[in-house]
Amino acid sequence: MSRFLFFLLLAVIAWIWFKKSSRSDTPQRPPARTPPDVPVERIVQCAHCGLRLPEGEALVSGKDHFCCAEHRNAQNVGR
Ligand SMILES: [Zn+2]
């Protein structure tokens, strides 16, 4: 009977040890990733034809934006 208790105790200790080690082995859940800040390009409107396009692709003349050189020239000539 004492042998049974010994093995029972051994099993309990092993179970506790296993539980403890498995808990420490589980990697901590990384914080929920937020989407990276994607720089949103401003949309500007062509002062001549009204076409909307990203600011990076627009031609700037003064404070006006244009979709192409023709429209920029046309606007400047018109003034
Ligand atoms: Zn235009």
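**Exercises on a predicted model**

The largest nonpolar core has 5 residues, namely Val44, Ala47, Ala58, Phe66 and Cys67. A nonpolar core is a set of buried Ala, Val, Leu, Ile, Met, Phe, Trp, Tyr and Cys residues joined through C-beta atoms within 7 Å. This is a predicted model, where local features need pLDDT of at least 70 and side-chain atom pairs count only at pLDDT 80 or more, while totals for chains, interfaces and linings use all residues. Residues are numbered from 1 along each chain as its sequence is written.

**Exercise 1.** State which residues Ala47 touches, not counting residues up to four places away in sequence.

*Solution.* Apply the contact rule: C-beta atoms, placed from the backbone, lie within 7 Å. With residues up to four places away left out, Ala47 touches Asp64, His65, Phe66 and Gln75. Of these, Phe66 is also listed with Ala47 in the largest nonpolar core.

**Exercise 2.** Decide whether Val60 is buried or exposed.

*Solution.* Find Val60 in strand 3, residues 59–61. Recall the cut-offs: buried means 20 or more other C-beta atoms within 10 Å, exposed 12 or fewer, partly exposed in between. Val60 has 11 C-beta neighbours inside 10 Å, so Val60 counts as exposed.

**Exercise 3.** Give the order of the elements from the N terminus on.

*Solution.* The chain has 2 helices and 4 strands. Their order is α-β-β-β-β-α.

Note on methods
Contact = placed C-beta atoms within 7 Å.
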